[in-house]
Amino acid sequence: MKDVLLPCGECVPALGMGTWNIGDDRARRAEEIATLRLGLDLGLRLIDTAEMYGEGLSEELVGEAIAGRRDELFLVTKVYPHNAGRRDAVAACERSLRRLRTDRIDLYLLHWRGGVPLAETMEAFVALQQAGKIRHFGVSNLDLDDMRELWKVPGGDRVQTNQLLYNLGRRGIEWDLLPWLRERGVPVMAYSPIEQARLLRHAGLKAFAARHGIAPAQAALAWLLSRENVIAIPKTGRRDALRENAAALSIALDDAQLAELDALFPPPRGPRPLEML
């Protein structure tokens, strides 16, 4: 397993598991739980979720899946922007802890920027950290201007990641935000790394994968895994797809292959607004 070093000095897996839409359908629950447990078996010991996902249903499913295995994984969840104030963040965190059936969250993220001042959110996160409810904190979907502002508030320079939409087809952050984060040692946690399966239907990527004897999802994930300081969190609720994703760890794209992908999915030639899903 390739690891990524967080600013705090802790290493986390470069390939984890996302859970957006997992837990929404009880008919799929057993398979989704089995998939998360298989992922832990295969070393994908980072699980990302959020209070927004199914209004807590995803966190509840994750809590069931990790029962008896809590110490094996690095657990990430996110707070709604409207719950990110001094008091509301504490209450939201307590609700997440109950749903996840745990006494601590490894990494607690602001899901996106809302009306609560960043300074107030950081104050709440530091208080939660001091209380032992969360071990680390970070942000999600913050653009470069947001990050510059965050860096000026107390605690803002202690964030451990910025979780962003980043994949072969969404490379806008490479122009300015990604270099800024790298200069400060803040990893990107790339959500929707296969664009909610839309990349799998891309004719060019399918042809690339066929030429090199790999699956399109593996090509997309291997490209992200080749990036410096990037954590990919693909979501799947099926064990067969999870095995396919995990196999991307054994694929090392060479310079010629990376150049092929650059031709198919060109890097940005100028600044772009931050993309979100």
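Some ground rules before we start. The model is predicted, so local features need pLDDT of at least 70 and side-chain atom pairs count only at pLDDT 80 or more, while totals for chains, interfaces and linings use all residues. Residues are numbered from 1 along each chain as its sequence is written, and side-chain values use heavy atoms, with hydrogens and water left out.

Let's begin with charge. Side chains of opposite charge can pair when their charged atoms come close. The cut-off here: a salt bridge is a side-chain nitrogen of Lys or Arg within 4 Å of a carboxyl oxygen of Asp or Glu. How many salt bridges does a search of the whole structure find? The count is 26.

Take Glu59 and Arg99. Their side chains meet in a salt bridge, 2.7 Å from N to O. This pair links distant parts of the chain, with Glu59 in helix 2 (residues 57-65) and Arg99 in helix 3 (residues 86-100), 40 residues apart. A word on elements: helices (H or I, at least four residues) and strands (E, at least two) are DSSP runs, numbered from the N terminus. Are these two side chains buried or exposed? Buried means under 20% relative accessible area, exposed means over 50%, and partly exposed is in between, with a 1.4 Å probe and protein chains only. Glu59 is buried, at 0%. Arg99 is buried as well, at 17%.

Next, Arg135 and Asp106. They form a salt bridge, and the closest N and O atoms are 2.9 Å apart. Here the link runs between strands: Arg135 sits in strand 6 (residues 134-140) and Asp106 in strand 5 (residues 105-110), 29 residues apart. Arg135 is partly exposed at 31%. Asp106 is buried at 3%.

Then Arg170 and Glu275. The closest N and O atoms of this salt bridge are 3.1 Å apart. Distant parts of the chain are joined again, 105 residues apart. Arg170 is in the loop between strand 7 (162-165) and helix 6 (177-183), and Glu275 is in the segment after helix 10 (255-264). Arg170 is buried at 17%, and Glu275 is partly exposed at 28%. One more point on charge. Which residues do shared partners join into one network? Glu10, Arg70, Asp106 and Arg135.

On to the backbone. Most residues other than glycine have a negative phi. Arg101 has a positive one, about 60 degrees. Find Arg101 in the loop between helix 3 and strand 5. Its relative accessibility is 55%, so Arg101 counts as exposed. Ala197 also has a positive phi, near 75 degrees. Look for Ala197 in the loop between strand 8 (188-191) and helix 7 (203-212). Ala197 is partly exposed, at 28%.

Trp223 lies in helix 8 (residues 216-225). Its relative accessibility is 0%, so Trp223 counts as buried. What is Trp223 in contact with, leaving aside neighbours within four places in sequence? Contact means heavy atoms within 4.5 Å. The list is Tyr166, Asn167, Leu168, Arg171, Glu174, Leu253, Leu258 and Leu261.

Strand 8 next. In a regular strand the side chains alternate between the two faces of the sheet. Both faces of strand 8 are covered: Val188 and Ala190 are buried on one side, Met189 and Tyr191 on the other. Two strands pair if DSSP finds at least two bridges between them. Strand 7 pairs with strand 8 in the parallel sense, over four bridges. Gln163 has Met189 in strand 8 as its bridge partner. Strand 8 also pairs with strand 9 (residues 230-232), again parallel, over three bridges. There, Val188 stands opposite Val230.

Last, the pocket. On a 1 Å grid over the protein atoms alone, a pocket is an open set of points where a 1.4 Å probe fits, with protein on both sides within 12 Å along at least five of seven lines; lining residues have an atom within 4 Å of a point. In the largest pocket, 28 residues form the lining. Which of them lie nearest its centre? Ile194, Gln196, Ala197, Lys235 and Thr236.
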